[in-house]
Amino acid sequence: MDKFVIRGGTPLLGTVRISGAKNAALPCMAAALLTDDTVVLENIPQVRDIETTRRLLSAMGAEVELGYGRAHHRTTIQAGKLSTPEASYELVKTMRASTLVLGPLVARCGRARVSLPGGCAIGARPIDLHIKGLERLGAKITQDHGYVEASAKRLRGAEIVFDKITVTGTEDLLMAATLAEGDTVMQNCAREPEVADLADLLNKMGAKIEGAGTSTIRIRGVSKLRGARHRIIPDRIEAGTFITAAALTGGDVKITGCDPSHLDAVLQKLHEAGVKTTHSQDSIRVMGDKPLRAADMNTEEYPGFPTDMQAQYMVVATQAEGTSIITENIFENRFMHALELVRMGAHIKMEGRRAIVRGRTPLGAAAVLASDLRASASLVLAALVADGETIIDRVYHIDRGYEHIEEKLKSVGAEIRRIGEMFPKKAAAPAKA
Ligand code: EPZ
């Protein structure tokens, strides 16, 4: 399994370009299932979850082409014939976002069989709100042998009020409602920029959606959707991760190809902690030359501080003067990284959903283990400031959501190398007998 070896202590200097948002690309790829025309998506990040989604859609019968380099991170999806509207356990267990195909398949094919995702390192993460919403749209749902089976001759528009704000739940039902008969009004929706980006694509495909990005979304169902071309928004979490890296290492880094307006809560909190930034329409410059100071933080749904930046912020708190209280309000088990940071010398006490971080504590290099995508990002950040050479194991987690992170870090001066291969070369084909 791949590992990263990182020698800490180098201030990062230079420019980093941000890739497209994984959490916008995944629902947009699922949306291509809603039409038999071709959908072209640009600014697709080269991360493992995209490859998993390609396999997921191909297994249903869709033609999916992923192009990189000169093909500008473009993917072309043609879901003309969907022979098997199914998402197998094999794929869903590697990426729970696979459940995003449930709504589009029922809406387009009248039936779907999708494996239940099961538990996850950061929490139980059930999909009961997806199922409840589909039932309100008239789908018949059964659960059997670990799979959800959904069917409907044609979905019907309905009023849906989410018991809890859910990002992929909002996206899944938004896609389903586009082909339903009549109007749907969804309330208490997620307001994440990724939801608005999906709605932008769907409207280009001929859907009639209003209010995406707010907590009330209205959809007038149509009988058919067409193909479209769409550019995915930048990844605000990748941008937030590099902003934190620059601040922690006392560097001076320009982060380009991002959308600062998607990072208000993150920037506000980092300013509170003493980080200096300036920004233009699509770039942020970070000057980490000031000492960091403690600031409490609570994760919230958008536009609050994102839970996907909590682990990275915890590293800032370990290097800040004073005590910071971090409260994780979205997921019940998202402090796995804290124990690894303690192994590097941090002072962190966990009390349920609160972590009390006492800083400033110098970090020492150690062998550490990544447990999930954002936890692994926080270990990379800690290693960049630690004294000595840190070895991070199981970095396959980070490949799921960060495009060539070690190349990007190296390009601004980090001492980082990967041991092992990101995409193990296919075993050579056995010599023909
Ligand atoms: C999305 O996950 C993101 N994933 C997550 O990013 C992100 O952490 C999360 O939103 C919150 O911002 C993608 O977009 C692919 P939720 P999602 O449904 O949609 C509970 C990353 O690092 N809930 O908004 O699965 C749930 O358990 C990933 O890129 C139910 O109870 O999250 C959680 O406590 C990790 N029933 C809360 O709601 C449901 O049916 C919010 O979860 C659905 C959710």
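Author: We take the ligand site, then the cysteines, then one glutamate. This is a predicted model, where local features need pLDDT of at least 70, side-chain atom pairs count only at pLDDT 80 or more, and totals for chains, interfaces and linings use all residues. Residues are numbered from 1 along each chain as its sequence is written, and side-chain values use heavy atoms, with hydrogens and water left out.

Reader: Which side chains place a polar atom by a ligand oxygen?

Author: Look for polar contacts: pairs of N or O atoms within 3.5 Å; within protein, one must be able to donate a hydrogen and the other to accept it, and residues adjacent in sequence count only if both atoms are side-chain atoms. Thr166 has a polar side-chain atom 2.6 Å from a ligand oxygen. For Asp308, a side-chain N or O atom is 2.6 Å from an oxygen of the ligand. Asn23 has one at 3.1 Å. The protein buries 89% of the 830 Å² that the ligand exposes when taken alone; such areas come from the Shrake-Rupley method with a 1.4 Å probe, and for residues only the protein chains shown count as cover.

Reader: How many disulfides does the structure hold?

Author: A disulfide is a pair of cysteine sulfur atoms within 2.5 Å. The structure holds zero. For Cys258, the nearest cysteine sulfur, that of Cys28, is 19 Å away.

Reader: Is Cys258 buried or exposed?

Author: Buried means under 20% relative accessible area, exposed over 50%, partly exposed in between (1.4 Å probe, protein chains only). Cys258 is at 4%, so it counts as buried. Cys120, at 28%, is partly exposed.

Reader: What does Glu238 pair with?

Author: Glu238 sits in helix H8 (residues 236-248). Glu238 counts as buried because its relative accessibility is 3%. Its side chain makes a polar contact of 2.6 Å with that of Lys408. Beyond neighbours within four places in sequence, Glu238 is in contact (heavy atoms within 4.5 Å) with Ile18, Ser19, Tyr402, Glu403 and Lys408.

Conventions
Helices (H or I, at least four residues) and strands (E, at least two) are DSSP runs, numbered from the N terminus.
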